[in-house]
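Me: I have a two-chain structure open and want to go through the contact between the chains. Can you help me read it?
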There are 2 protein chains.
Amino acid sequence: MQIPTVSEMMDNMKCAIIEVFDTTFGQQPKIVQLEDSEKGQGLSAIVGLGGTISGYLALHIMPEDACMLAGNMLGAAYAQVDSIVCDAIGELVNMLAGSLKKFSCRNGELFKISIPTIVLGSDYSTHAPKDAERILVGVRALSALLTIQLVVNIQR
Amino acid sequence: MQIPTVSEMMDNMKCAIIEVFDTTFGQQPKIVQLEDSEKGQGLSAIVGLGGTISGYLALHIMPEDACMLAGNMLGAAYAQVDSIVCDAIGELVNMLAGSLKKFSCRNGELFKISIPTIVLGSDYSTHAPKDAERILVGVRALSALLTIQLVVNIQR
């Protein structure tokens with residue numbers, strides 16, 4: 001079984017982002033450079049990856065952007081984050097993980113995907129184990145700015 | 001392959017809690033009734049479960065209790081949550097997931113376990129997808145109060 005490098009996982013992550021956002025929102029997303037000050041947070045949707053590749057994929061977004069994207073996905077308007085918005089953003093990170101898996105596991109299943117956890121708050125941060133590899137990608141989709149974070153331990 | 005019911009998963013979760021806390025802290029933990037007001041939070045350690053059983057296992061704890069348990073695990077004193085405390089609590093939830101897997105997967109691997117995410121903050125909440133089953137267990141270990149949350153979708 002061919003196991004991708006971290007750099008290949010980064011490329012696969014970008015392919016997954018482009019595929020999922022293009023399909024979901026009918027518009028090519030922009031991969032952007034992340035400034036520290038821009039790391040929009042307030043809602044994080046996290047799915048675990050377990051297997052030869054163990055890790056997690058997190059999508060961090062501002063609540064108002066989460067409402068806008070969920071509204072676009074569901075054809076409705078949401079003024080604030082409720083369980084429907086949470087589920088829509090959970091579905092988005094789930095699709096991203098599924099697409100990442102498709103691009104990364106052409107020769108065998110390297111990981112399985114958990115259901116998403118949504119973290120919502122005005123003051124929190126997320127932390128990965130110190131020995132894990134981290135990939136951070138900024139994405140501009142419609143008018144929203146998202147941070148997509150992939151944290152992995154690859155067993156070789 | 002025999003797939004456990006949610007009620008069996010609840011029993012397996014309690015066995016895992018007793019096994020892991022007893023081994024780690026040399027003292028039998030107490031399974032306690034959770035009052036809403038008692039749901040200590042401030043640090044959450046979450047591992048994803050992916051496979052026939054998809055879900056996540058979360059451990060919610062107050063930062064001061066996290067420091068105390070990490071100190072007990074590592075034979076040191078921690079005044080506040082740093083990366084060492086985060087990693088220790090991550091290891092604790094990882095052991096819980098491993099033990100839950102041992103008790104739940106006697107006849108085949110029902111899920112794989114991701115690496116932990118740690119959420120740290122003074123104002124946040126965690127949310128599961130609306131169609132998932134939830135199990136909540138209160139645990140008193142040494143002087144700490146923890147909430148162990150298991151969220152699962154069982155494919156039958």
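**The interface**

Reply: Chain A and chain B bury about 2400 Å² between them, 59% of it on carbon and sulfur atoms. Buried area is the accessible area (1.4 Å probe) that two parts lose on being put together, summed over both. This is a predicted model: local features need pLDDT of at least 70, side-chain atom pairs count only at pLDDT 80 or more, and totals for chains, interfaces and linings use all residues. Residues are numbered from 1 along each chain as written, chains are lettered from A and ligands numbered from 1 in the order written, and side-chain values use heavy atoms, without hydrogens and water.

Me: What ipTM does the complex get?

Reply: The predictor gives an ipTM of 0.91 and a pTM of 0.93.

Me: How many residues are in contact?

Reply: 32 residues of chain A touch 32 residues of chain B. Contact means heavy atoms within 4.5 Å.

Me: How many salt bridges between chain A and chain B?

Reply: Two. A:Lys130 forms a salt bridge with B:Asp87, with the closest N and O atoms 3.0 Å apart. The rule wants a side-chain nitrogen of Lys or Arg within 4 Å of a carboxyl oxygen of Asp or Glu.

Me: New topic. How do strand 5 of chain A and strand 5 of chain B pair, and over how many bridges?

Reply: They pair in the antiparallel sense, over nine bridges. Strands here are DSSP runs (E, at least two residues), numbered from the N terminus. Pairing takes at least two DSSP bridges.

Me: Which residue is the bridge partner of A:Thr126?

Reply: B:Val119, in strand 5 of chain B.

Technical notes
Helices (H or I, at least four residues) and strands (E, at least two) are DSSP runs, numbered from the N terminus.
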